[in-house]
Amino acid sequence: MNLALPVLVPVLPALGAAATLATGRKVPGLARPLAIVPVAVSAVLALVVALQLGTGQTLEAATRLAPTGGPGISISIYLDGYSSLISVLVGLVATCVQVYSTAYLKDDPRYPSYAALVSLFTAAMFLVVFSGDLIVLLVGWEVMGICSYFLIGHHWETADARSASLKAFLVTKLGDVPFLFGIFLLGADAGSFRITDVLAAAADGRLTHPTLTALLLLGGVAGKSAQFPLHTWLPDAMAGPTPVSALIHAATMVAAGIYLVARLLPVFLLSGAALVVLAVMAAVTMIGSALCALAQDDLKRVLAYSTVGQLGYMAGALASGDREASVFHLVSHGAFKALLFLAAGVVIHAAHTNSISAMSRMPGLRGRVPDAYWTMGIALVALIGLPPFSGFFSKEAVLTAAEHAAQGEALTNGVGPASAVPQAAGWIVLISAGLTALLTAAYATRLFLVAFHSPAVAAEPLDHEADAPYSPEVDEADPATAEPPAMRWPLWVLAIPTMGFGVASLRTDWLPELLDGGSLRPSAVTAVIGTGLALIGMLLAYGAWRSATARLAAGRPAPAPEGRVPDQAGAPAAEGIVADPGRTLLGPLFGPARHGFGVDRLYSALFVRPVAAAAQLVRFLDREVVETYVRGSGVGANLLGRAVRLAQTGNAQTYLSALLAGVVLLAVLVAV
């Protein structure tokens with residue numbers, strides 16, 4: 001294979017970003033082609049590289065970048081089935097996002113800088129996927145972090161966007177600190193930062209502290225991939241433009257942590273304790289995020305919590321020792337979650353609000369956005385995991401991996417011994433994933449029914465400020481343009497892999513052969529249980545919705561468990577106007593789930609307030625104590641100077657008299 005092709009994959013979007021920043025404001029007409037063409041060419045090149053590499057093949061090339069006096073740093077390319085598959089996903093989603101954004105942000109004066117950051121974001125993710133050196137991978141990892149800060153805060157005029165961007169940056173950096181130390185430990189033990197050298201050291205048993213190293217790496221994974229307890233930044237990141245949400249949630253950033261653990265899974269298999277920690281982290285993330293999604297009124301926050309939960313599925317597969325199932329679900333989820341967010345953007349574009357309850361009171365919304373309606377339905381079915389959509393096969397692959405791990409027969413596929421995975425990890429993932437399947441079906445069904453199928457009962461015009469925070473990205477265009485072609489066609493492009501990726505991948509077994517060579521076919525037991533739980537969740541949500549609509553039609557709205565629950569913008573939600581099955585299903589948990597079970601408040605009480613109080617104490621000590629001594633020394637020197645100045649009279653007799661008095665005083669002291 002010509003090495004120029006894989007090198008060009010991350011380089012082209014980076015060059016496009018630089019060109020867009022340099023010419024975007026001076027020549028506005030160039031911004032859109034400079035945003036789309038380099039990313040689209042990179043997507044094609046990524047596909048070509050994947051096809052040329054084929055199945056079961058690897059390619060590695062490296063050149064030393066700089067001597068360090070210790071483990072060297074290399075510019076290294078490492079291609080295998082995992083990197084080639086994920087690079088195709090990144091290219092596809094990034095191209096769809098750039099095309100979609102030309103219409104979604106067509107009147108935004110800062111579109112050139114936005115498009116440049118999306119291209120740079122894409123280049124950074126390509127670098128993470130293709131890099132064979134952990135330090136160079138870290139560069140792409142951090143570039144994604146700073147790009148996310150700017151993109152989430154694109155609408156910096158709003159307080160929500162400013163705080164969300166800062167929160168995303170700080171929380172992910174909090175996880176990156178232990179992650180950096182974990183990389184240093186790997187480099188020190190292996191004598192190299194090259195991933196192949198690290199894996200060889202793990203196979204030879206040369207990693208001296210595998211548990212500590214794995215736990216440190218999990219800190220970065222929890223931050224980047226929004227796993228408990230560092231998951232809180234992702235729902236707030238919905239303050240950014242919707243195409244950015246699709247990019248972050250589907251193909252970049254949040255997928256980086258999962259990809260890294262998959263690449264370094266042999267390191268984690270050396271520590272059963274780290275796998276149990278990963279399993280518990282995934283279990284709490286899956287169940288907690290699904291409960292939160294069931295209570296949200298903001299459409300994008302429902303999808304955000306959904307992403308958190310699906311990342312928990314991927315982490316659970318890794319905790320079960322099966323990186324094939326994890327990456328399978330990563331790619332499958334990337335397609336249907338990008339589709340969900342882009343379809344949601346079309347709906348928000350037409351409804352001028354993020355509020356599901358407000359959308360339910362808009363007669364004719366479904367008819368105004370037929371493409372978004374159908375493609376969102378397709379993506380939600382894939383999210384629920386019903387056959388034959390891709391989400392069914394990838395979700396069942398995770399459940400099958402957990403089932404085998406629980407039986408002590410983990411599907412490590414030669415990466416490590418099956419006995420390396422504790423059975424407890426398998427049971428934790430299996431039980432929590434089953435419960436999450438039920439909850440996922442419930443909140444997906446609730447979203448679709450409430451947003452598109454609720455009976456219209458409110459004739460008064462909607463107050464957008466009361467229903468949801470106004471977003472500058474919403475285009476107040478003519479309703480006839482609710483689905484511009486640039487926003488409509490990416491939906492159907494992403495709908496193709498959403499519907500057919502699972503069947504196409506497993507029908508001829510090309511996907512397992514591309515990865516580790518193991519089977520990804522679901523077992524009969526988990527397939528029946530997983531699908532059954534999903535159907536139960538759908539029926540529960542449908543029954544609760546029918547009950548709520550019946551009460552609403554009879555003029556007897558169900559009271560809220562906690563009265564009028566404020567939405568994310570602080571405005572009161574529309575109580576008694578909407579048939580929301582989430583209240584019925586969650587009961588007293590609705591209020592806590594609406595606010596993320598108070599995790600942000602807990603962090604504020606445990607960390608933010610003590611740090612703020614300590615800062616106030618330091619400020620007091622600095623200004624009132626330290627500065628007092630500094631000012632006192634200055635005042636003392638000033639007074640001494642004045643006293644000395646008074647003694648300088650210019651009279652020689654006075655000086656001689658003082659000298660004589662001093663001599664006499666000294667003589668007396670000596671005599672005594």
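Where is the place of Gly 416, and between which helices? The legends below start there, and they describe a predicted model.

**View 1. Gly 416 sits in a loop between two helices.** This loop runs between helix 19 (390–406) and helix 20 (423–453). Gly 416 has a relative accessibility of 18%, so it counts as buried, since the cut-off for buried is under 20%. Look also for Gly 321: its C-alpha lies 8.2 Å from that of Gly 416, although the two residues are 95 apart in sequence.

**View 2. Ser 131 is a buried loop residue.** Here the loop is the one between helix 4 (111–130) and helix 5 (134–152). With 2% relative accessibility, Ser 131 counts as buried. Its side chain reaches the backbone oxygen of Asp 133 at 2.9 Å.

**View 3. Ser 131 has neighbours from other parts of the sequence.** Leaving out residues up to four places away in sequence, Ser 131 touches Ser 76, Tyr 78, Val 136, Leu 137, Ile 195 and Arg 263.

Notes:
Residues are numbered from 1 along each chain as its sequence is written. This is a predicted model: local features need pLDDT of at least 70, side-chain atom pairs count only at pLDDT 80 or more; totals for chains, interfaces and linings use all residues. Side-chain values use heavy atoms; hydrogens and water are left out. Helices (H or I, at least four residues) and strands (E, at least two) are DSSP runs, numbered from the N terminus. Buried means under 20% relative accessible area, exposed over 50%, partly exposed in between (1.4 Å probe, protein chains only). A polar contact is a pair of N or O atoms within 3.5 Å; within protein, one must be able to donate a hydrogen and the other to accept it, and residues adjacent in sequence count only if both atoms are side-chain atoms. Contact means heavy atoms within 4.5 Å.
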